[in-house]
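Q: I would like a close look at one part of this structure, followed by its setting in the whole.

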Protein chains: 2
Amino acid sequence: MVKRQARGRQRIAEILDAALVQFAETGYDKTSTNAIAARAGMSPGSLYQYFPNKEAIADALSQRLLDELREAHATAFDDTAVTELPLPDLVSRVVDPLVFFHVANPGAKVLIGERGQPLHTGVTDRVAALLRARSPELPDDDVRRSSTVAVQIVAALMGGIVAAPEPERAALVHELKRALTGYLGTPAGL
Amino acid sequence: MVKRQARGRQRIAEILDAALVQFAETGYDKTSTNAIAARAGMSPGSLYQYFPNKEAIADALSQRLLDELREAHATAFDDTAVTELPLPDLVSRVVDPLVFFHVANPGAKVLIGERGQPLHTGVTDRVAALLRARSPELPDDDVRRSSTVAVQIVAALMGGIVAAPEPERAALVHELKRALTGYLGTPAGL
DNA sequence: CGAAAATACGAGCGACCGCTCGTAAAAGTC
DNA sequence: GACTTTTACGAGCGGTCGCTCGTATTTTCG
């Protein structure tokens, strides 16, 4: 019951790897499950031994990416000094790992952009917690709105950042940080 | 050669009307041309008498929407006083008609979000011209980047704005303006 | 009126997609 | 080695989609 399951888990990982690449190339809808199977070097039948349907593949992949992202963000969010950091520094702390993650995982944004919200919710909650820690007096609705907007801004610009070649990419990351500090730095009751 | 073409143009308009509604409901990819034809009250064959393929429908619709948008924005962009207006006022001048347009035309965002860039380019160019007028000393690359980012921010938040019920919508529009003024108000060489 | 052009119809073709199922080889268990 | 379980295969089913085409109707024009 051990050695077999090891092979099975390996297969699952191969499927998710293939799906990530395929989603990045063709998007979620236009990626066929047969293509994922082919890229993973297996038959459609084998793929469907591990996943009940296409959506389950995307869900599992989202979960895996969210775990990786959480790990990459651990230092940015866990630090208690986060409360007193200057805003630009805090933004960099959050944005830099995020950019690194998306550059390393092109196709992750597809799981955000073309499906429900899978990756968004987890990140938004953490940003909300962060904002609440920095501005405890802010009404809860405002916190939720601001964090949602901030995450949407990041998501909107991330596509261009990942696609850009390196000299331009840095400039775009800079713009993203500028947008976030500009947005979050303005008092909410404008 | 006159009366016939009149009917033909009417049919084309009916197709575009139907396509707009259908795109808004199901998105571009998942909208079938047969569904567009059915909603327009005609057969698939008739639809394809006026458009060579599905993409051409989306293109024509994008063009029509862009024209309407340009008209709605005329007052915001043509005014020469635009150069000396305070930034928040200028943002409102641009954003408010844009919100109105998207609320009146749900589905317009689909033509942006799920296809190349059709509606974006036109708007981005005009925003770039506006920024250039306000900051003539800014390098051209910076202007282009800033306007692209600004348009992407608007596009990112517009979906939520259109979807939100009225009390929340106003708050989200306010957030959008806050984000834009915060972003554009910060000096570019941060 | 009669010919030509424009408009209209809708069954259905070919291609693709998500997914199934009958079958069979490996691997684990006793 | 016999039996069960897990893994693997791939042809193909049922369905949808973009689009075509043969045919019929309506309008324009001389």
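How many residues does helix α5 of chain B have, and how far does this helix reach from its first C-alpha to its last?

A: In this predicted model, helix α5 of chain B, which runs over residues 87-104, has 18 residues and reaches 26 Å from its first C-alpha to its last, close to the 26 Å expected at 1.5 Å a residue. Along α5(B), the buried residues are B:Leu90, B:Val91, B:Val94, B:Val95, B:Leu98, B:Val99 and B:His102.

Between the chains, 17 residues of chain B are in contact with 17 residues of chain A, and on the chain B side α8 (140-163) and α9 (166-185) each supply at least two of the residues that touch chain A.

The arrangement of the two chains can be described by a superposition, in which chain B is laid on chain A with an RMSD of 0.1 Å by a turn of 179° and a shift of 0.0 Å along the axis; that is the relation of a two-fold axis. In chain B, the C-alpha nearest this axis belongs to B:Gly182 and lies 2.0 Å from it. The same surface serves both copies, since 100% of the contact residues of chain B recur in chain A.

Technical notes. Residues are numbered from 1 along each chain as its sequence is written. Chains are lettered from A and ligands numbered from 1 in the order in which they are written. This is a predicted model: local features need pLDDT of at least 70, side-chain atom pairs count only at pLDDT 80 or more; totals for chains, interfaces and linings use all residues. Two residues are in contact if their C-beta atoms, placed from the backbone, lie within 7 Å. Helices (H or I, at least four residues) and strands (E, at least two) are DSSP runs, numbered from the N terminus. The expected span of a helix is 1.5 Å times one less than its number of residues. A residue is buried if 20 or more other C-beta atoms lie within 10 Å of its own, exposed if 12 or fewer, and partly exposed in between; C-beta atoms are placed from the backbone. Copies are superposed by least squares on the C-alpha atoms of residues with pLDDT of at least 70 in both.
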